[in-house]
Amino acid sequence: MITNRIVLIFLAACIGVSAQISTPTLFQPQIFDVQHYDATIAFPDPAARTIIADVSIVVRWTSAAPVPTFPFHLRGLLIDSVFVNGAPSTVATFGVDASDTMHHRVTIGRNVVAGNLDTIRVFYHGTMTNEGGTRPWGGVHFQDSVLYAMGVGFKNVYVSSTQHWLACYDHPSDKATFSAQFVVPNTIWVVASVGKEITNRPPGTLDSTIYRWSEDHPTATYLLTFAVAPYKKIELPSDVPHVFYTLARDSAKSAKSYSRVPHMTTLFANTYGAYPFDKVGFCNTVEGSMEHQSMISFKLSIAQSGETQNRTAAHELAHQWFGDCVSPVDYRYAWLTESFATYSESVWLEEILGFSVYLKSISETATAYIKQVSKSEGVFALEDFPRQAPSSNYPQTIYGKGAVVVAMMRAIAGDEPFTQALQGYIQSHRYATAATIDMKNAMRSALGAKTDRFFDEWVTGIGWPQLNINIGQDGSDAKITIHQVQQNLHPTWPIFTSLPLNVVYTRNGFAGIDTLDVVMYCDSTGLIEFNCTELLSVNAGARCRSLVETMRTTSTMDFFEGNTTLVNPSLRAGFALAPNPANDSITLVRSDARSSIIVRIVDMQGSTLHTQTCGANESNCLISTRSLSNGAYNIIVDGGKTPVRLPLNITRGE
Ligand SMILES: [Zn+2]
């Protein structure tokens with residue numbers, strides 16, 4: 001198409017360089033590196049979201065170019081003028097609002113060589129907007145007396161949303177330092193922002209106050225923010241300064257909600273390395289929560305709850321390491337931030353409530369992903385996921401599945417090597433960016449030979465292991481065979497050969513029956529086989545939880561009457577289940593119905609889901625299974641000398 005070609009050549013000539021700018025999901029190397037943003041921003045009427053801005057961008061050129069242009073983003077605001085090193089210049093807009101790369105280019109007006117510095121100054125004004133839609137997130141809001149900016153959008157095509165208030169190269173690949181003077185109309189308004197507050201303020205005028213902030217650590221633009229409100233500041237004692245901005249109305253409840261944040265900071269500093277910034281800051285905002293660098297915009301309703309466990313605060317705080325100190329080079333790698341922050345919520349629970357609560361939270365996260373998230377969002381990989389509805393720029397998959405995947409890395413590696421690998425990752429890429437390959441390389445020391453397979457299966461692969469468990473007979477032992485059967489229904493899902501599986505079983509020892517609680521791994525075909533006297537549980541025990549689904553348990557054992565050490569799960573003690581697999585109900589048939597018995601349905605983690613009594617003389621006892629989803633369970637019959645375990649499978653067409 002000739003016309004298009006001519007237009008392209010014309011555009012390339014106009015912009016001086018033909019390099020494309022980065023998109024949210026494709027980092028494109030540029031010939032410049034932004035060093036610093038220095039902004040003077042006035043909010044003449046916070047409630048009206050108006051802004052008058054003067055932003056200087058210091059750019060270092062990284063290679064020679066004849067008369068280059070510099071691209072910057074600014075959305076919904078009117079550019080008044082641009083200057084290069086103090087001289088007026090020209091600016092042109094490329095793309096339309098609906099484009100993910102809509103941006104403006106300033107003519108530099110001279111040839112540059114590597115190492116040259118230029119200062120581009122942009123004056124603009126207008127009414128700040130946000131990503132729009134039914135529930136906007138990214139961009140600027142005025143709600144409940146607070147004017148504030150959220151750095152990313154869930155639904156917009158451009159993701160990084162700082163361009164709704166700051167002229168900047170709005171892509172996480174180019175981190176820069178930031179300083180700002182915020183001018184607000186009177187003494188009521190307080191401005192919270194990133195970095196250190198410079199208390200040496202220029203004098204305001206009769207009707208304005210100036211707040212100065214300076215973030216001296218390189219920051220991804222999506223992590224810059226401000227919040228303007230009649231805030232009250234709360235400070236908590238700690239080695240690192242902790243400041244919390246709340247409306248006076250919320251300060252007592254907020255102080256309670258935030259009371260354990262210094263403890264969280266200490267925990268994560270001990271786990272991931274020293275806290276990377278000058279302060280820990282939180283400001284209450286109606287929408288939230290968002291991990292802006294050293295000034296977290298925190299969801300007001302959570303701050304108002306007074307709930308001190310505050311998993312959300314732990315999540316956002318952990319982002320200061322995963323996301324802020326080390327940022328994704330583009331948003332294909334958002335899992336490097338959300339999976340680790342969500343995992344860190346469980347680390348916080350472990351700190352205050354113990355390892356069993358950590359395991360329980362990972363288990364609940366895994367179940368929620370398999371039973372709910374994967375059904376509502378679809379099944380996809382952690383890296384480079386789809387963004388169209390029902391997914392989004394930040395799908396639940398990278399939080400829930402991601403957290404369990406991180407927990408499995410820890411289980412394979414062991415605590416010490418895992419912690420060292422994470423600290424190495426943060427240290428190697430601090431104040432810079434990373435991609436999946438960087439995490440993979442950092443994990444090699446911890447995961448060893450399993451590293452490549454682990455990332456192929458769990459990070460770029462899709463799905464999860466679906467297990468069939470068979471209990472067969474091998475002499476006087478039970479022979480357990482655990483197959484992965486996911487490819488029967490999902491041929492594109494891998495066989496997971498790097499799956500850590502916590503199995504609990506009994507075996508005859510010298511001094512009687514021993515109970516073993518171990519992590520097992522499958523062979524290259526996905527199979528686990530071992531002998532025992534009784535299999536007690538799969539993906540349960542005291543070691544780890546994994547992203548697996550037990551589909552069916554079957555038994556091909558013979559009946560061993562009188563052998564008290566051998567449990568025959570399906571045929572023992574005169575009980576039978578029919579039909580099995582069941583749909584909405586199952587009948588427990590028993591040969592001896594002289595007394596009443598208690599029947600429980602338990603899941604493969606051992607949690608009781610249903611209890612009922614079968615009365616005396618009731619030899620066919622009807623048990624409702626309507627509330628159970630497809631999968632494998634056990635029915636436990638209590639009442640005799642020893643409990644009897646009967647495998648139950650629920651299978652419904654979906
Ligand atoms: Zn997060």
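Axes are lines fitted to C-alpha atoms, for helices over the stretch in contact, and angles between N-to-C directions run from 0 to 180 degrees. Helices (H or I, at least four residues) and strands (E, at least two) are DSSP runs, numbered from the N terminus. The model is predicted, with local features requiring pLDDT of at least 70 and side-chain atom pairs counted only at pLDDT 80 or more, while totals for chains, interfaces and linings use all residues. Residues are numbered from 1 along each chain as its sequence is written, and side-chain values use heavy atoms, with hydrogens and water left out.

Helix α10 (residues 436-447) and helix α11 (residues 451-459) cross at roughly 130°, and their axes come within 9 Å. This angle makes α10 oblique to α11 (under 35 degrees counts as roughly parallel, over 145 as roughly antiparallel, 65 to 115 as roughly perpendicular and the rest as oblique). The crossing of α10 and α11 is right-handed; a crossing is so described if the near helix is turned clockwise from the far one by less than a right angle, and left-handed if anticlockwise. In contact (heavy atoms within 4.5 Å) are Thr436, Met439, Lys440, Met443, Arg444 and Leu447 of α10 with Thr451, Asp452, Phe454, Phe455, Asp456 and Val459 of α11. By class, the contact of α10 with α11 comprises six nonpolar, two polar and four charged residues (Ala, Val, Leu, Ile, Met, Phe, Trp, Tyr, Cys and Pro count as nonpolar, Asp, Glu, Lys and Arg as charged, and the others, Gly among them, as polar).

Helix α7 (residues 355-377) packs against helix α8 (residues 396-413) at an angle of about 140°, with the axes 9 Å apart. The two helices α7 and α8 are therefore oblique to each other, and their crossing is left-handed. The contact involves, among others, Phe355, Tyr358, Ile362 and Tyr369 of α7 and Gly400, Lys401, Val404 and Arg410 of α8. Nine nonpolar, four polar and three charged residues form the contact of α7 with α8.

The structure also holds six cavities of 30 Å³ or more. A cavity is a set of points, on a 1 Å grid over the protein atoms alone, where a 1.4 Å probe fits but cannot get out, and lining residues have an atom within 4 Å of a point. The largest cavity contains about 80 Å³ of space, a volume being the space filled by probe spheres set on the points, which are joined across faces, edges and corners. Eleven residues line the largest cavity, and Ile471, Leu535, Thr553, Asn634 and Arg645 lie nearest its centre. At least two lining residues are supplied by each of β22 (466-474), β27 (534-538) and β35 (644-650). The largest share, three residues, comes from β27. The lining of the largest cavity has seven nonpolar, three polar and one charged residues.

Note on methods
1 Å grid on protein atoms, 1.4 Å probe; cavity = no way out; pocket = protein on both sides within 12 Å on 5 of 7 lines; lining within 4 Å.
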